[in-house]
Amino acid sequence: MHISVEGLTKRYRGRTVLDGVTFAAGPGVTGLLGPNGAGKTTLLRILATVLAPDGGRVRLGGRDPATPSGRLEVRRRLGYLPQEPGFHRSLTVFEFVDYIAILKEMTDRRARHDEVRRVIELVGLDRERSKKISRLSGGMRRRTGLAQALLGNPDVVILDEPTAGLDPEQRMRFRDLISRVGEDCAVLLSTHQTEDVAALCHRVVALVGGRTLFDGTPEDLTGLAEGRIWHSDRRSPGATLSWRTGDGRYRNIGTPPPDAELAEPSIEDAYLLLTGDTEATSTRSAA
Ligand SMILES: Nc1ncnc2c1ncn2[C@@H]1O[C@H](COP(=O)(O)OP(=O)(O)OP(=O)(O)O)[C@@H](O)[C@H]1O
């Protein structure tokens, strides 16, 4: 199932938070990268049919969530992990996922319970399924959230900052899980972690100040910083950003200081350049 968004706008009390967002995403994992307040959650809530946009065009698998029948179709084929899932903490993992399955109109009790067990196993929580949510670690709670998003084999899975607050080991496990999910459907995940994008995503959309500043592959994003990263013994006064690294030298983004050596860019450099570059106001499309 494909996601396509064209000229999407959203205002909160007259303040524009999405300003003509345009991108398309297909099967595999697409990362929605952006700083705090960029509008990622707003965009994902619109795609998940929780929120209506003020303007623009959204299609999920060709269906228009602005119409009642399109919205119903989209909801049936969508899995969504919100930033704050609103867990019922006194329920067990099984009870919570089963409760969501009921809301998803899975009426046959036996088939529903089989499906609940399947997704709980998929996220590796079979041993915890009778534990109350209030007693789970943050990582396990996040996996419970992912389990409910996978109910019924959705065609599109929308994950709002799924790796936020996880320790490195949990983050790796989560990445592994998400990449497996992305083998069968279109996954769109928001993050402000460039490492998540480099490790997981075959495409990346950068959203800054409610606008799409980049839409392409992670390699193309890294390529934006080609020729603009410099190592030097001194901080560059003209650089967009400059910081001291572990080896005592400075990594400078932007204008080269004297005696600087050109360095290999990373995806993080490119992202910093994109978000810090006040001149970068138009959409850059690659691939
Ligand atoms: N219900 C609301 N009413 C008014 N303003 C809102 C509302 N929801 C979000 N905003 C504002 O819209 C902007 C975008 O918020 P949003 O949560 O979509 O960004 P984000 O990229 O997901 O940020 P974060 O990474 O911090 O979650 C922010 O300035 C936020 O304060």
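The chain is divided into domain 1 (1-77 + 154-217 + 281-287), domain 2 (84-153) and domain 3 (222-280), with bounds that come from an automatic or database domain assignment. This is a predicted model, in which local features need pLDDT of at least 70 and side-chain atom pairs count only at pLDDT 80 or more, while totals for chains, interfaces and linings use all residues. Residues are numbered from 1 along each chain as its sequence is written. The C-alpha centres of domain 2 and domain 3 lie 45 Å apart.

**Helix H4**

- Helix H4 covers residues 109-122, 14 residues in total, and reaches 20 Å from its first C-alpha to its last, close to the 20 Å expected at 1.5 Å a residue; the expected span is 1.5 Å times one less than the number of residues.
- Helices (H or I, at least four residues) and strands (E, at least two) are DSSP runs, numbered from the N terminus.
- Glu115, Val116, Val119 and Ile120 of H4 are buried, that is, 20 or more other C-beta atoms lie within 10 Å of their own, whereas 12 or fewer counts as exposed and anything in between as partly exposed, with C-beta atoms placed from the backbone.
- Seen down the axis of H4, the buried residues fall within an arc of 135°, so they line one face of the helix; the arc is that of the directions from the helix axis to the C-beta atoms.
- An α-helix has 3.6 residues a turn, so residues three or four places apart point the same way.
- On the other side of H4, you will find Arg110, Ala111 and Asp114 exposed.
- The buried residues of H4 pack against helix H3 (93-103) and helix H5 (138-149), where contact means C-beta atoms, placed from the backbone, within 7 Å.

- Strand E1 (residues 3-12) runs antiparallel to E2 and is joined to it by 8 bridges.
- Threonine 9 stands opposite aspartate 19 in E2.

**The sheet of E11, E12, E10 and E13**

- Here 4 strands make an open sheet, ordered E11-E12-E10-E13, and the pairing is antiparallel.
- Strand E11 (239-244) and strand E13 (261-262) stand at the edges with a single partner strand each, so one side of each is left without a neighbour in the sheet.
- Strand E10 (residues 229-232) is joined to E13 by 2 bridges, and tryptophan 230 stands opposite leucine 262 in E13.

Note on methods
Two residues are in contact if their C-beta atoms, placed from the backbone, lie within 7 Å. Two strands pair if DSSP finds at least two bridges between them.
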